[in-house]
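User: I have a structure open and a few quick things to ask about it. Can you help me read it?
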Amino acid sequence: MVCTGGKSEAMSIKAVRTVVQQLRKGKIKIKKDAVITVQNIVASGSLGGKIHLEDAARRLPRSMYEPEQFPGLIHRMVDPKTVLLLFASGKLVCTGAKKESDVYKSVHNIHALLEEKDLMLYDA
């Protein structure tokens, strides 16, 4: 079974357990309790300022920016192992996290890296 659309790990786990319970109520034999494994968390957010994507692509390791194909910079983070899609507006999408804490860590890491390399522009 695949569960999508949960707004948190807890909500997703609860949804799977509810489905298993409903199946059992419907006389479907399920011998064991569900083993629930989070495979991929997708989160979106904003860094609060604009990003210089061309400069970021040149200065951030493991980054790719092909504006003719996709309007965002693709950054592959090593620790935690996630992929971040960064947009010039400062918005981002984080994919591949296995825990919510990995999402927060990834966003914090990329924000710090962009700040350190002076790649963020804030409105005055």
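User: Which strand is Met77 found in?
Analyst: Met77 is found in strand E4, residues 73-77. Strands (E, at least two residues) are DSSP runs, numbered from the N terminus. This is a predicted model, where local features need pLDDT of at least 70, side-chain atom pairs count only at pLDDT 80 or more, and totals for chains, interfaces and linings use all residues. Residues are numbered from 1 along each chain as its sequence is written, and side-chain values use heavy atoms, with hydrogens and water left out.
User: Is Met77 buried or exposed?
Analyst: Met77 is buried, with a relative accessible area of 9%. Buried means under 20% relative accessible area, exposed over 50%, and partly exposed in between (1.4 Å probe, protein chains only).
User: What does Met77 touch?
Analyst: Leaving out residues up to four places away in sequence, Met77 touches Thr82, Leu84, Ser106, Asn109 and Ile110. Contact means heavy atoms within 4.5 Å.
User: How many residues apart in sequence are Met77 and Ile110?
Analyst: They are 33 residues apart in sequence, and 8.4 Å apart in space, C-alpha to C-alpha.
User: New topic. How many helices and strands are in the protein?
Analyst: The protein has three helices and seven strands. Helices are DSSP runs too (H or I, at least four residues). Along the sequence the pattern is α-β-β-α-β-β-β-β-α-β.
User: And what does the C-alpha trace span?
Analyst: Along the principal axes of the protein, the C-alpha trace spans about 60 × 30 × 25 Å.
User: What share of the protein is made up of buried residues?
Analyst: Buried residues are 27% of the 124 residues.
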